[in-house]
Amino acid sequence: MNIAKYPFAILSAALFTVMLITPISSISNLIWLASADMPVGFITWIEVILFDFQRLGIALYAVVIIGFGIAFSVAGLISRYSSYSGKYLFAVAGAVAIGMALFLMVELLFQTQLLGGNRSIIGKILHCVAGFLGGYFFYYLVSVQRSYTFIIRFLGILYAYL
């Protein structure tokens, strides 16, 4: 179980982070629409957030998995070969991974802002905070010995999300 916990911890931390990032983008889009004098009611808020979880969340999950895989591998190497270790190293790695993913999404897709929360500095900060919390969650998952029920619970939560 020792080797299997790392991939499942990355998948779990990515799912947790996407569940934080998606409402940030949805709500910032809705605030922008409301500021442009568009009629945005409570039902519209709920519909947009649920639609973004359903459509945006899956693609964003793949992007976050790739970013977290690279960032947490580098953080693991840093913690192994230096005196830096602990939860904040992985948390900072998660924030950097999300920041780089946001930057690369804009640069590689013809200067197009795909995420509504990425249009403002507050949204960028909130996305990076979500990555920080995802990295902290990853450290929490790998710092304790897990059993096989962890994998079964993860698969159940992933199925419910999808």
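The model is predicted, so local features need pLDDT of at least 70 and side-chain atom pairs count only at pLDDT 80 or more, while totals for chains, interfaces and linings use all residues. Residues are numbered from 1 along each chain as its sequence is written, and side-chain values use heavy atoms, with hydrogens and water left out.

**Exercise 1.** Determine how helix 1 and helix 4 cross.

Solution. Begin with the axes (lines fitted to C-alpha atoms over the stretch in contact, with angles from 0 to 180 degrees between N-to-C directions): those of helix 1 (residues 5–35) and helix 4 (residues 121–143) come within 8 Å and cross at roughly 155°. Helix 1 is therefore roughly antiparallel to helix 4, a term for angles over 145 degrees.

**Exercise 2.** Describe the largest pocket and its lining.

Solution. A pocket is an open set of points on a 1 Å grid where a 1.4 Å probe fits, with protein on both sides within 12 Å along at least five of seven lines, and lining residues have an atom within 4 Å of a point. The space in the largest pocket is about 420 Å³. Of its 17 lining residues, Y6, F72, G76, S79 and F90 lie nearest the centre. Helix 1, helix 2 (42–81) and helix 4 each give two or more residues to this lining, and helix 2 gives the most, with 7 residues.

Technical notes: Helix = DSSP H or I, 4+ residues; strand = E, 2+ residues; numbered from the N terminus. Parallel < 35°, antiparallel > 145°, perpendicular 65-115°, else oblique. Points joined across faces, edges and corners; volume = space filled by probe spheres on them.
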